[in-house]
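Q: How should I read a model like this one, feature by feature? Please give the general idea each time, then the case at hand.

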Amino acid sequence: MNIIELENIGKKYILQYEKGAFIKDVLPRLFIPKEKREFWALRNINLALEKGESLGLIGRNGAGKSTFLNILAGISSPTEGKVEVRGKVSTLLTLGAGFHPELTGIDNIYLNGVILGLKIGEIKNRIKEIIEFSELKDFIKQPLYTYSSGMILRLGFSIAVHIDFDILLMDEILSVGDIPFQEKCLKKIGAFKETAKTLIIASQSLDLIKALCHRALLLEKGRGILLDEPEKVISRYLELVQKETVQKTKESQYPYYPKYPDDIEKIKTGWETRIGTGEARILEVKLRDKKGKERNAFQTGESLRIDVKYKVEKEIKGPHFGVAVFREDYLYCYGPNTRFDGIKIKKLRKGIGNFSIEFKNIILGSGDYRLSIAVWNKDENNPYDYRYAYYKFKIFGDGKEEKSLLDIPCSLSINGKRLRKSASAFLKKIIKESVAEDLVGIEKPRISGRWGKEKKAFNPNENLRILLRIKILRIINAPFVRISLHNEDGILIQESCFDTGKDITPPDARLSLYYPGMPLLRGKYSLSIGIGSKKNPEGYQYMLSLANVEFQTNRKDHGIVYIPHRWRLKNP
């Protein structure tokens, strides 16, 4: 008899939207008309699994993998179809769910164990094993709020695998702790296979699916595309991904490369963790200035060099090195690697090696940042060693209390007179968005490149000029001007404030904004201008939308900003 049987399973959600921005503004929420739409997260899924069989779930984000596991776990019920699960189910879906931050690690073991169905006596009998497996040592007696995210994942994994079960469901959780701990987790899962446990694993790690699963199921937009041996299913999945990439490339004048990673929850999950197969190990990472002095704090515009020492345990072919810069709020700033830069590394022999990457001008704004360092395999789907947001450093700007991602040079002229940059005091003023009673007839902006040719799509480090004419009804006394650049997700990329030095008088003002090189990667951006009076900062103030511009590139680099850099390699 099969341990799991699914027959024509479907899961439908009703998505509801508020209709009409104007109506929403003038009517109470109770009377706002709603629009509803059906969304099928899964449809027509059929499956039979025998006891002791392992199944891998493969598919892109939103394909239905998590919904599939939630139905098997009993967390969610199917809208249609029949589900038969014959055996006790344990889940590794959201490690640490149900933990209390004020309780100690030991207290949370009891709390989580009870939630997962264990009796107090059973927890007492297993608590020593759980603590030893987690390797948390003295931290086990500390409150959970003192734990890193990786330590919480360790504890959650340790509890979950020490519960009696027939079926184990796992969803993207095998990035727990450092490499030795991950290896221990994989051995534990491998041992479950030998004891005829049934495993279902959803993962983007295709090598993991190959290693642990007898069969794999490919999901695409909620439907089962192929159920077969892992190698065949993986091959079909890669064909689908490649086909989409080719199609997007045809639709654009530029090659299509995703802004990866775009899922902030995945970034948070990986934060401060270490994953990898271990054939190469990162031994040491040091940050240095242009004189070679080791530092962890830099001034905007300084040179930053990252030196990495690594050890290769056995010869590996076709590797590449990668670096990623994150802001402390999980914003992915930039992620170059040697493969993107056309540096071919045929192989790394066993032994000690070094590589470095130097940014001549680190243009990031003030703030706390993190570095990820990785040694990747050829296809960048399985790292040998990946330290995710592992290394902290600071950048100090020019003293402004702004939260701009970048400090990009720019200039602004009004009626042909170039303005000087102002202090940050006026940046603290809130410029209200309103109908500009004193400004009328805003002319459509003219967006051009270096030679004055109009364009809307730009490459990284291209010059950008915006010309705008505003007709004015009355004098704006002692004005200041604020220029803001946001990306399509609302992230403040750059903000600059200018002092005009004299009043703006009717009938019109001609504004010329110039960026001598915009270091942006792919994405859509909006520029806006705020005009206020230093004599009357709470009086008439305006926020005008200047222009929308798009940046594209034939570079594959990840992130928002492109920072010129140079690699140096010394391989074993």
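Q: Which strands pair with β29, and in what sense?

A: The general idea is that strands of a sheet pair through backbone hydrogen bonds, either parallel or antiparallel. Here β28 (residues 479–487) runs antiparallel to β29, and 7 bridges join the two. Strand β23 (residues 420–421) also pairs with β29 in the antiparallel sense, over 2 bridges.

Q: What does the hairpin of β28 and β29 look like between the strands?

A: The hairpin has 4 residues between its strands, and G490 takes a positive phi near 85 degrees there.

Q: In what order do the strands of the open sheet stand?

A: Six strands are involved, in the order β5-β6-β7-β3-β8-β9, and the pairing is mixed. β5 (89–92) and β9 (223–228) stand at the edges with a single partner strand each, so one side of each has no neighbour in the sheet. On average, neighbouring strands of this sheet are turned by 15 degrees against each other, direction ignored.

Q: How many bridges join β9 to β8?

A: Strand β8 (residues 215–220) and β9 run antiparallel, with 5 bridges between them. As one case, A216 has D228 in β9 as its bridge partner.

Q: Where does helix α2 lie relative to the strands?

A: Helix α2 (residues 65–73) lies across β3 (54–58), β5, β6 (167–171), β7 (198–202) and β8. The helix runs at about 155 degrees to β6.

Q: Which residues of α2 are buried?

A: The general idea is that an α-helix has 3.6 residues a turn, so residues three or four places apart point the same way. In α2, the buried residues are K65, T67, F68, L69, I71 and L72.

Q: Which residues touch the most other members of the largest nonpolar core?

A: That core has 73 residues, and I306 and L364 touch the most other members. Leaving aside neighbours within four places in sequence, the contacts of I306 include V285, L287, V323, F355, I357, F359, L371 and I373, along with K286 and S356. There is also a second, separate core of 25 residues, with L168, M170, L218 and Y237 among them.

Q: How many disulfides are there, and is C333 buried or exposed?

A: A disulfide is counted when two cysteine sulfur atoms lie within 2.5 Å. By this rule the count is 0. C333 is buried, at a relative accessible area of 1%.

Q: Where is confidence lowest, and where is it highest?

A: The general idea is that where pLDDT is low, the predicted coordinates should not be read in detail. The chain averages a pLDDT of 81, and 82% of the residues score at least 70. Confidence is lowest in helix α1 (residues 21–26), with a mean of 42, and highest in strand β13 (residues 304–312), at 96.

Terms used:
Residues are numbered from 1 along each chain as its sequence is written. This is a predicted model: local features need pLDDT of at least 70, side-chain atom pairs count only at pLDDT 80 or more; totals for chains, interfaces and linings use all residues. Side-chain values use heavy atoms; hydrogens and water are left out. Two strands pair if DSSP finds at least two bridges between them. Axes are lines fitted to C-alpha atoms, for helices over the stretch in contact, and angles run from 0 to 180 degrees between N-to-C directions. Contact means heavy atoms within 4.5 Å. Buried means under 20% relative accessible area, exposed over 50%, partly exposed in between (1.4 Å probe, protein chains only). pLDDT is the predictor's confidence in each residue, from 0 to 100. A nonpolar core is a set of buried Ala, Val, Leu, Ile, Met, Phe, Trp, Tyr and Cys residues joined through side-chain atoms within 4.5 Å.
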